[in-house]
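Hi,

Here is the structure I promised to pass on. Have a look at it first, and then read on for what turned up.

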Amino acid sequence: MSDPATPHLDPCVDFSVPLEAVLCEGELHRRPVRPPDYENENRALVALAKALVDSTQDVLQVLTENILHITQSDSSGISLVTRDDGGRRIYWPAIAGAWNPHTGSGSPRECGPCGVALEQNRVLLFHRFERRYTLFRAVMPAAEECLVVPFYVDGRAVGTMWAITHSDRRKFDSEDERVMQALGQFAAVAYQTRNLINGLSVQIAAREEAESALRRSASGVEQRARSIIESALDAAVAMNSEGAITEWNRQAEQIFGWPREEALGKSLAQTIIPVQFRAAHEQGRRRFFETGVGQVLNRRIEMTAMHRSGREFPVELSVTPVKVGESWSFHAFVRDISERKHAEGALRASEQNLALIINTIPILVWSASPDGFADYLSQHYLDYSGLSADQALGWAWTIAVHPDDRGGLTAYWRSILSAGTGGEYEARLRRFDGVYRWFLIRARPLRDEQGSIVKWYGTNTDIEDRKVAEEALRGSEGSLRESEESLLVMFNAIPALVCTLNAAWEVQQVNQQLLDYFGIPLESLKNWAFIGVVHPDDLEDVVARCRHSVEAGTSYDIEHRCRRNDGVFRWFHVRGRPLRNAEGRIIRWYVVLIDVEDRKRAEETLRKSEHDLRRLTETIPAMVWSARPDGEIDYCNNRFLHYTGFSPEEVTGEGWRKTIHPEDAARVYPIWMSSVRAGTPYRVEVRTLHAADGTYRWCMVTALPLMDQQGQVVKWYGTIVDMQDWKRDQEELRTMQAELAHVTRLMTMGEITASIAHEVNQPLAAAVASGDSCVAWLANTPPNVDKARAAADRVVQAVTQASSVVQRIRTMVKKAPVVRSRLEINEVIVEAVSLIQSEVASKRIALQTDLAENMRMVDGDRVQITQVILNLAMNGIEAMSQLDSPARRLMIRSTAADHKELRVAIADNGPGLDPDITGHLFNPFFTTKREGIGMGLSISKSIIEAHGGRLWATPNEPRGAVFHFALPTTPDK
């Protein structure tokens with residue numbers, strides 16, 4: 001505090017700032033309550049008692065230092081009223097902490113908070129009091145909060161004790177008030193002692209009288225110290241180095257049953273320590289004198305003590321060793337905790353019973369924010385409805401309400417929201433299997449201290465059986481209501497880390513999952529910023545975000561690391577929402593912590609994967625691109641950009657359409673969007689701009705979707721391959737194959753020349769014979785016109801047949817482009833058979849056909865399919881011609897394998913296939929014939945595969961070979 005000589009504003013009180021603006025009326029008792037720290041309090045009392053009897057210490061300074069320590073403040077001090085001017089001024093004889101340089105200063109009584117506390121004769125809490133009391137505006141650092149406690153001598157207020165914080169790192173509470181009031185009693189003793197000692201120093205002229213006065217003073221000090229010990233709430237016990245009791249207050253008499261007169265001088269171990277622990281006590285005492293270390297010293301522990309009657313009971317104690325000269329003494333404060341232990345056991349039993357109720361009662365439980373927005377549905381609720389939390393929260397839960405009940409239920413819910421009263425409604429809710437059951441839906445509001453609704457809690461109770469048999473269930477309604485009320489306390493059953501905080505962001509309540517995760521009690525969590533539960537690298541940002549949300553009143557949203565009970569830090573997504581009262585003032589915060597450690601790791605893996613993929617796509621010799629799930633291009637590698645001559649900005653989005661031929665762009669865009677919507681692979685051939693020569697070149701574009709675990713597309717990846725040269729080579733290959741096929745057909749036709757001649761000569765001979773008959777009938781007298789006309793008709797029929805044969809042969813031998821049409825396979829087989837009839841007859845081969853009925857059509861080139869059948873049939877004929885057996889048989893069979901495919905088999909009973917050469921049958925230029933060139937089977941295989949089919953060979957039974965080919969069928973029109 002400032003020196004009285006320091007210049008200050010006059011007057012020293014700024015009356016434009018009312019006292020209420022700096023006085024926090026009632027705030028101490030609105031803040032969260034901390035449990036008493038009797039260990040620190042008792043340690044402070046011991047230190048003060050020693051200071052009283054130690055003439056070398058300033059007892060008031062010791063008192064201020066203890067206030068500083070116990071209240072965790074930044075500055076503390078003692079203010080005394082001056083006596084020489086009638087108490088018009090206040091001075092500060094002792095100050096500890098940041099304001100210590102101002103020790104000895106003073107101010108007019110009305111110019112500071114101490115004068116107000118003395119005037120009102122009560123404990124007061126101030127906030128930024130320099131706004132009103134201008135004298136303190138020059139004092140640094142400025143006071144954030146100031147707690148002032150008056151103390152008295154003989155019923156008269158003589159001064160105050162005060163504690164100050166210079167920042168908002170902590171706020172004073174009712175526990176600070178209690179401790180300082182307790183220390184106020186000691187301040188009065190210290191004040192009197194100090195005055196007494198000052199008086200003695202004035203009268204020191206007479207040595208004998210001074211010594212006598214000093215002895216009286218010491219006796220008075222000892223008596224006052226004795227009164228402090230006697231007024232302690234705990235048993236105060238002291239023993240000397242031999243273990244004999246040297247101090248025993250009234251609380252010790254009450255707790256242990258030994259009067260002070262009997263206890264003094266007795267062995268402590270024999271008096272209050274049970275028999276089974278005495279050896280350990282004696283061993284610990286000896287170890288202390290040998291090593292200077294005691295396991296139970298200077299800390300609070302729990303142990304078992306013994307009453308004079310022999311009854312054992314639990315106690316909490318703290319023991320402090322004190323060395324005076326060369327002698328040691330031990331001072332202990334002991335508290336009977338029997339009642340607390342009993343209460344803790346009852347609390348544990350109650351918590352277990354509550355958890356059992358919540359986990360066993362089959363009722364749907366939910367909660368909602370004050371505006372009716374459903375923010376929690378129990379797992380039993382979700383399991384019943386078959387909905388996920390995302391599908392049911394908010395107002396989406398109404399989807400599970402029967403359509404006939406939905407309107408009435410929502411209207412009733414809105415009405416009780418408006419009225420702010422609880423209510424109940426009966427409606428049908430859909431179960432996961434689609435069955436509706438009747439439920440009794442109940443809602444109750446939870447209000448804050450101002451009466452504002454901060455939460456709605458509700459239960460949905462299945463009353464289907466009651467609806468069916470109302471009378472039978474009426475007796476159970478009372479117990480049902482009790483069960484519902486007990487379920488409203490469900491905070492600890494929420495399956496997430498959840499906590500509530502007051503308006504100043506101080507922790508008020510946490511659920512069991514949060515306690516289990518951190519592994520520390522609620523009282524410790526209230527100081528979360530100072531106990532290492534937040535990662536040090538994240539703490540500064542977390543505190544700044546908290547302060548911003550509190551000051552701005554905005555939602556809190558951050559990701560940071562929290563330490564688990566085993567010391568491992570995990571990432572959490574932390575969200576907080578404020579709850580406001582009717583005036584819009586924040587009264588509470590709800591915060592949920594969601595573990596996102598696995599997501600963070602997956603994201604890191606994905607980032608690394610994307611980095612590796614990007615590096616790969618820039619180095620592989622191919623054009624690579626990617627797209628978002630909606631089909632918008634978001635990346636093309638440099639090879640593609642160099643190929644097309646466009647920049648990345650020009651091709652992203654839908655700009656890729658500029659890189660392909662306009663005719664192809666209109667064609668492939670619908671195909672691409674169809675793949676995007678269906679999530680199916682994409683493959684098209686397009687003409688892509690080639691920047692090097694300004695031409696469009698044919699390219700193959702392919703893409704595959706990357707799916708997540710739910711089957712949703714998260715990315716598209718594709719490639720573009722220049723196939724211009726390949727298409728040119730393929731066209732040249734097709735031309736060569738057509739030429740080769742034409743040569744093969746000519747060779748085949750050459751092999752069946754005799755059969756062809758027979759097919760042509762037969763109808764021509766018939767035509768000549770019919771012509772002769774016609775002439776003969778016309779030569780009759782009179783001419784037989786009817787007979788002649790019939791003969792002429794036969795001539796026309798025979799010539800037409802010969803023409804048809806010649807036309808088929810011409811089609812087979814001429815060079816013509818491939819023409820595909822819908823074919824009836826059995827007709828093609830019959831036409832081919834007609835060309836080899838004479839050939840098989842001349843070689844004494846029995847030709848049989850077994851053609852299935854109602855065969856589906858195939859899409860193919862008639863000439864090429866006929867060529868395959870002729871080639872395979874002629875191979876069989878030639879194979880059998882080498883045998884002397886008269887039983888030569890060629891079988892051509894057609895079958896429908898299924899509705900998608902038909903098959904044709906050509907079987908002979910020749911020498912069969914050599915297993916060593918079966919794998920080479922369809923290779924180009926492989927042949928077993930002396931005059932063959934080895935292209936027939938290879939060309940046949942190419943023709944069948946070009947039609948989307950397949951060709952293969954198998955052994956025939958008992959001998960011979962079977963050549964099969966299969967073709968895809970076309971749908972019936």
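Let's start with a salt bridge: the side chains of Arg 137 and Asp 14 meet at 3.3 Å, N to O. Arg 137 sits in the loop between strand 4 (124-127) and strand 5 (145-153) and Asp 14 in the segment before helix 1 (19-22), so this pair ties together parts that are 123 residues apart in sequence. (Helices, H or I with at least four residues, and strands, E with at least two, are DSSP runs numbered from the N terminus.) Arg 137 is partly exposed at 35% relative accessibility, and Asp 14 is also partly exposed, at 23%. Here buried means under 20% relative accessible area, exposed over 50%, and partly exposed in between, with a 1.4 Å probe and protein chains only.

Before you go further: this is a predicted model, where local features need pLDDT of at least 70 and side-chain atom pairs count only at pLDDT 80 or more, while totals for chains, interfaces and linings use all residues. Residues are numbered from 1 along each chain as its sequence is written, and side-chain values use heavy atoms, with hydrogens and water left out.

Back to the charges. A salt bridge needs a side-chain nitrogen of Lys or Arg within 4 Å of a carboxyl oxygen of Asp or Glu, and by that rule there are 54 of them. Another one joins Arg 178 to Glu 175, with the closest N and O atoms 3.0 Å apart. Both lie in helix 5 (residues 174-202), three residues apart, about one turn of the helix. Arg 178 is partly exposed at 25%, whereas Glu 175 is buried at 7%. There is also a network of salt bridges that links Glu 27, Arg 30, Arg 31 and Glu 145.

Now the rings. Rings of Phe, Tyr and Trp (its six-membered ring) pair if their centres lie within 6.5 Å; planes under 30 degrees apart are stacked, over 60 edge-to-face, and the rest tilted. The structure has 21 aromatic pairs. One of them is Phe 288 with Trp 328, edge-to-face at 5.0 Å centre to centre and 85° between the planes. Phe 288 belongs to helix 10 (residues 275-291) and Trp 328 to strand 11 (residues 327-336), so the pair ties together parts 40 residues apart in sequence. Phe 288 is buried at 8%, but Trp 328 is partly exposed at 28%. Ring pairs also link these two with Phe 289 and Phe 330 into a cluster.

As for the whole chain, 43% of its 973 residues count as buried, and its secondary structure comes to 30 helices and 33 strands.

Cheers
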